[in-house]
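Dear colleague,

Please find below the structure that I am handing over to you. My notes on it follow directly after.

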Amino acid sequence: MIFPRINISVEKYRKNVKNIKAMLAKESIGMMAVTKVFCAEKPLVDVLNEESIEYLADSRLENLKKIETEASKVLLRLPSLSSVMETVKYTDISLNSEFETIEKLSKAAKSLNKVHKIILVIDVGDLREGVYYKENIKNLVKKIDNLHNIELFGLGTNVTCFGGVLPTQETMQKLEQIVIEVETQIRRKLELVSGGNSSQFAFLSTVPESINNLRIGEALVLGRETSYGKILDGLHDDVFTLEAEIIELKKKPSYPEGEIGMNAFGKIPEFKDRGTRIRAIISLGKQDVDYKDVTPQDQNISILGSSSDHIILDVTDSEKPYKVGDILTFKLSYGSILSLMTSPYVEKNYV
Ligand SMILES: *Cc1c(COP(=O)(O)O)cnc(C)c1O
C-alpha cells in the first residue's frame with residue numbers, strides 16, 4: 001500500500017448520484033454532473049454513464065477530451081479565444097458570455113462542419129462570469145442568432161460562487177424574466193435553462209418554472225447543499241477520505257529554540273509555548289493540500305502547520321499511543337478533494 005492516498009468509494013458516489021438525480025427529477029429538473037473536482041477520472045465517470053446522466057460538465061478541456069461517454073460534454077469555464085478549435089472539437093456545448101468568442105466558435109465549428117451549442121451565461125448579481133442582467137441582451141441574442149454554426153441552446157446563471165449570492169426566489173426571478181424575453185424574441189423554447197449549482201438544494205421549492213437543469217458537483221461528492229452547508233437526506237459526506245503515514249513521532253518543546261527569522265515560505269511564524277508535546281509528522285504537504293482543509297478523524301489531534309512536504313500534528317491529547325508507520329485518517333472538504341485529486345503524489349485508491 002502506498003501513502004498518502006485518497007480513498008474513493010465508488011458505491012457511495014453512485015448512491016449520491018442516484019439520490020440527487022431522483023431529488024431533482026421530482027421537481028422536473030435534469031442534472032449536469034460536474035466532474036472537475038475529481039479530474040474527470042474514469043471510475044467515477046463510469047458511474048455517471050451507468051446512471052444515464054445526460055450531460056457531463058467540466059471546466060477543463062483536458063478533462064473533457066479524455067472523458068468517454070454517450071452523454072453531451074459541456075465546457076463550464078468560458079472558452080478562451082485561443083482554445084475555440086479544441087472547444088468545438090472536444091465538447092458539444094459551452095458556456096459563454098463574450099460575443100467575440102462566440103463568433104470565433106462559429107468560425108471554428110464551420111471549419112469542422114459542425115454546429116456548436118452554447119449556453120449564454122447571465123450574471124444576476126454574484127459577479128463572476130456572465131452578461132450583467134441589466135445589459136441589452138436582446139441585441140446580443142440577435143447577433144448570436146445570425147451565426148450559422150452556433151445554436152443558442154440555453155441560458156444559465158451562476159450563483160453562490162464569487163459573491164456568495166444565494167439563489168433566492170427574488171434572484172432567480174431575474175433569470176426567469178430574461179428567459180421569457182429571449183424566448184419571445186427568438187420565437188421558440190430554449191432547450192436548457194441552467195439555474196445554478198449545488199447551492200440550489202436549499203431553494204428547490206421556489207425554483208422558477210423555466211429552470212429545467214442544474215449543474216451539480218459538490219453535492220455529489222460531499223452530499224451537501226452549498227448555500228448553508230447542510231448534509232442532504234440519505235447522502236454520503238465521505239465518498240472521499242484521506243490516509244497519511246506518520247514518518248516521525250517525537251516529544252519536543254512546543255516553542256522553537258534560537259533566534260527566529262523567516263520560515264520556508266518567507267513569513268515570520270508565531271508560536272505559543274505549551275511545554276513539551278508529542279508531535280507527529282506525516283508525509284504530505286502544501287504541494288498536495290492546504291492543511292486547513294483536512295480534519296483528523298481522531299478529534300484529539302490538532303494540526304500545527306505544514307511545509308512543502310510535511311504536515312506537523314500535535315497528538316499529545318489522543319487516547320491512542322501512536323507510533324511511526326501508523327496511518328492517520330482525515331475528513332475532506334471541497335478544496336482538499338480538489339487539490340488531493342490533482343496532486344500526482346497522492347495515490348488514488350478506488351474501493
Ligand atoms: C464548478 C461549477 C459548478 C458546480 O458547482 P457545485 O457547487 O460544485 O455544484 C457549476 N457551474 C459552474 C460554471 C462551475 O464552474
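Glu 100 and Lys 104 both belong to helix 5 (residues 99-111), where they stand four residues apart, about one turn of the helix. They form a salt bridge, and their closest N and O atoms are 4.0 Å apart; the term denotes a side-chain nitrogen of Lys or Arg within 4 Å of a carboxyl oxygen of Asp or Glu. Glu 100 is partly exposed at 46% relative accessibility, and Lys 104 is partly exposed at 35%. Here buried means under 20% relative accessible area, exposed over 50%, and partly exposed in between (1.4 Å probe, protein chains only). Helices (H or I, at least four residues) and strands (E, at least two) are DSSP runs, numbered from the N terminus.

This is a predicted model, in which local features need pLDDT of at least 70, side-chain atom pairs count only at pLDDT 80 or more, and totals for chains, interfaces and linings use all residues. Residues are numbered from 1 along each chain as its sequence is written, and side-chain values use heavy atoms, with hydrogens and water left out.

The structure holds 17 salt bridges. One of them joins Glu 243 to Arg 5, with the closest N and O atoms 2.7 Å apart. This pair links distant parts of the chain, as Glu 243 is in strand 11 and Arg 5 in strand 1, 238 residues apart. Both Glu 243 and Arg 5 are buried.

In helix 9 (residues 334-342), the buried residues are Ser 336, Ile 337, Leu 340 and Met 341.

With kind regards
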